[in-house]
Structure formats: structure tokens, C-alpha cells
Amino acid sequence: MPLDYVVTYRAENHYDTLVNRAVWQFLIIPEDNDSQELVSVDFENSLGVPVQHSVNGLGFTTLQLHPNVPFSDVRFRATFKVMKQEVNPFDFIPLEDPSGGYRQIE
């Protein structure tokens with residue numbers, strides 16, 4: 001039976017001087033793989049800047065923001081819904097010769 005999770009990320013940045021331009025790239029999206037499914041992504045920021053999704057050089061999906069408005073405070077909030085499959089850690093076929101998984105040191 002799958003298990004549903006909600007993961008929430010929050011961050012606040014406060015700057016002593018006014019920031020005129022900034023670039024953020026968030027690597028916080030849960031992985032979509034054989035044991036879990038990423039159901040939804042919701043990302044908000046206090047500047048109201050559109051969020052762009054991209055894939056970095058290592059193949060990870062990222063969230064990017066490029067505000068071109070002056071600010072000194074900014075807040076981020078991300079909510080991810082993930083459906084995790086139950087995995088039995090003992091559901092595998094053991095090696096016939098377990099010593100084959102070890103390297104001999106001479």
C-alpha cells in the first residue's frame with residue numbers, strides 16, 4: 001500500500017542593503033524513481049517572481065528565480081507531494097556465495 005507524504009520547505013533571506021538583481025537555483029525537488037512518485041510541486045516566493053523549472057548538468061530538476069525588482073527581504077515556500085511505495089528490505093535473492101561480495105586483501 002503506497003504512503004502519501006507532504007514535504008514543506010521554507011526559507012527567509014534578509015539583506016542589510018537593497019538587492020537589485022538576484023539569481024536562485026533550488027535543488028530541493030524530491031526524486032521521482034522506482035520507489036516513490038513525485039505527485040506535485042508548488043513553489044511560492046514573496047516577490048511574486050515566476051519560477052522556472054530546468055535540468056542541471058547532472059540531470060537534476062531545479063527551480064530557478066531571477067527577480068529584477070529591488071528587495072531587501074524575500075521568503076520562499078515549497079510544498080511537494082510524494083507517494084512512496086512500501087519496500088520490504090528483505091525482499092531479495094541472496095547471493096549463493098556471500099563472500100563473492102567482498103574483496104580479498106593480501
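1. Two strands are taken to pair if DSSP finds at least two bridges between them. In this predicted model, β2 and strand β5 (residues 61-65) meet that condition, pairing in the antiparallel sense over three bridges. Within this pairing, Gln25 has Gln64 in β5 as its bridge partner.

2. The pair belongs to an open sheet of three strands, whose order is β2-β5-β4 and whose pairing is antiparallel. Because β2 (24-26) and β4 (52-55) stand at the edges and each has a single partner strand, one side of each is left without a neighbour in the sheet. On average, and with direction ignored, neighbouring strands of this sheet are turned by 35 degrees against each other.

3. Turning to the open space in the model, the largest pocket has a volume of about 160 Å³. Its lining consists of Leu27, Ile28, Ile29, Pro30, Glu31, Asp32, Leu38, Gly59, Phe60 and Thr61; by class, these are six nonpolar, two polar and two charged residues.

4. A further point concerns Ala78, which is placed in strand β6 (residues 71-84). Its relative accessibility is 0%, so Ala78 counts as buried, the cut-off for that class being under 20%. When neighbours within four places in sequence are left aside, Ala78 is in contact with Val7, Thr8, Tyr9, Ile28, Asp42 and Phe43. One of these contacts, Thr8, is 70 residues away from Ala78 in sequence, while the two are 5.6 Å apart in space, C-alpha to C-alpha. Another, Ile28, is also among the residues that line the largest pocket.

How values were computed: Residues numbered from 1 in each chain as written. Predicted model: local features only at pLDDT ≥ 70, side-chain atom pairs only at ≥ 80, totals over all residues. Heavy atoms only, no water. 1 Å grid on protein atoms, 1.4 Å probe; cavity = no way out; pocket = protein on both sides within 12 Å on 5 of 7 lines; lining within 4 Å. Points joined across faces, edges and corners; volume = space filled by probe spheres on them. Nonpolar A, V, L, I, M, F, W, Y, C, P; charged D, E, K, R; others polar. Helix = DSSP H or I, 4+ residues; strand = E, 2+ residues; numbered from the N terminus. Axes fitted to C-alpha atoms, helices over the stretch in contact; angles between N-to-C directions. Buried < 20%, exposed > 50% of the residue type's maximum accessible area, 1.4 Å probe, protein only. Contact = heavy atoms within 4.5 Å.
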